[in-house]
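The exercises below concern a pocket, an annotated span and some aromatic pairs. Each task is followed by a worked solution.

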Amino acid sequence: MDQRLEVFLKVIEKKNFSKAAEELHMTQPAVSQYIRSLEDSTGVKLLERTNKYVRLNKAGEIVYHHAIEIKELYAKMNHLLDDLTNKASGSIAIGASYTFGEYLLPRIIAEAKQQYPDIKPTVTIGNTTTIAGLVLSHQLDVGIVEGHFKGVQELKTEPFAEDRMVIVASADHPLAGREEPITMKELIEETWILRELGSGTREASENVFKQFSIAPQSIMHFSSTQPIKAMVEAGMGISLLSEWAVQKELRYGDIKVLDVKELPYTRNFSIVTRSPFQTKALSAFLELLKSHKELTDFKIQ
């Protein structure tokens, strides 16, 4: 990687020439020379400098954004070269949407660490749209998401398992103990507690509403599944959630699955990548993921 870009990134990180020089074991004039050389080569000024601060201008923001990508790609290139002769090891930047990331991924990573102790996974949890964006910008090696995202041709999406979605209510909800199946039309007047727009779980809820031509009038939004489950348990409304997300609450009887005759609704868990090249560490992790015993019952044929 061009050392001028490394120096540039360090100056932005430290917001100070002298601190960057100290971190890089250089003199301050040497750091200044690298920045001048970078500005000369690009033909534009990149930084606004005073005695008190260093900050990016518009051109600097463009260079900074692409320098981050270049740094990630350079590190990935070195990992791939190392993998030609070495065993699965090194870092894997994994992203996952909330359902998979909170309820399935921890056990899979624990198993991966047991089989491949030299891999170093880092995990980012976010909604489906956020994770796809981080994979696109090379900040993540792989994303595991539910739902869909549009207009991103650079990303490869591979469905690998199915997830069953059910409607849950508090244990003492009037419909929880009903013997005959419930229809979706009966649930229009209920308060629905849903995830935010951009999440795969919210997309599933919107798909169900569209499929059965219902439009609930009362909707509450939360940015993660945990508070939704707490609100449902407290009798504040109902929700459409993954069976994986409610196993503990069902086991303890805190919430109940409503017997809705048109459900469960199924969706795909998908692996999202951008680069066609994979390190041995990432390949080993993906192989384990696709064959994991907890997912085989939902395997897409």
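**Exercise 1.** State how much space lies in the largest pocket, and determine which residues and elements line it.

*Solution.* The largest pocket holds about 230 Å³ of space, a volume being the space filled by probe spheres set on grid points that are joined across faces, edges and corners. On a 1 Å grid over the protein atoms alone, a pocket is an open set of points where a 1.4 Å probe fits, with protein on both sides within 12 Å along at least five of seven lines, and lining residues have an atom within 4 Å of a point. The model is predicted, so that local features need pLDDT of at least 70 and side-chain atom pairs count only at pLDDT 80 or more, whereas totals for chains, interfaces and linings use all residues. Residues are numbered from 1 along each chain as its sequence is written, and side-chain values use heavy atoms, with hydrogens and water left out.

Next, the lining consists of 19 residues, of which Lys76, His79, Ser91, Ala93 and Asp141 lie nearest the centre of the pocket. The elements giving two or more residues to this lining are α4 (58–83) and β3 (90–96), where helices (H or I, at least four residues) and strands (E, at least two) are DSSP runs numbered from the N terminus. The largest share, 4 residues, comes from α4.

**Exercise 2.** Describe the span that UniProt annotates at residues 1–57.

*Solution.* The unreviewed UniProt entry places the feature "domain: HTH lysR-type" at these residues, and such annotations may be inferred rather than shown by experiment. In the model, residues 1–57 are 61% helix and 11% strand, and their end C-alpha atoms lie 23 Å apart.

**Exercise 3.** Count the aromatic pairs and classify the one formed by Phe100 and Phe160.

*Solution.* Rings of Phe, Tyr and Trp (its six-membered ring) pair if their centres lie within 6.5 Å, and planes under 30 degrees apart count as stacked, over 60 as edge-to-face and the rest as tilted. By this rule there are 3 aromatic pairs. The ring centres of Phe100 and Phe160 are 5.9 Å apart with the planes at 70°, so this pair is edge-to-face. The pair links distant parts of the chain, since Phe100 is in helix α5 (residues 98–103) and Phe160 in strand β6 (residues 156–170), 60 residues apart. Phe100 is buried at 0% relative accessible area, and Phe160 is buried at 4%, buried meaning under 20% (1.4 Å probe, protein chains only). Finally, Phe100, Phe160 and Phe269 form one aromatic cluster.

How values were computed. Buried < 20%, exposed > 50% of the residue type's maximum accessible area, 1.4 Å probe, protein only.
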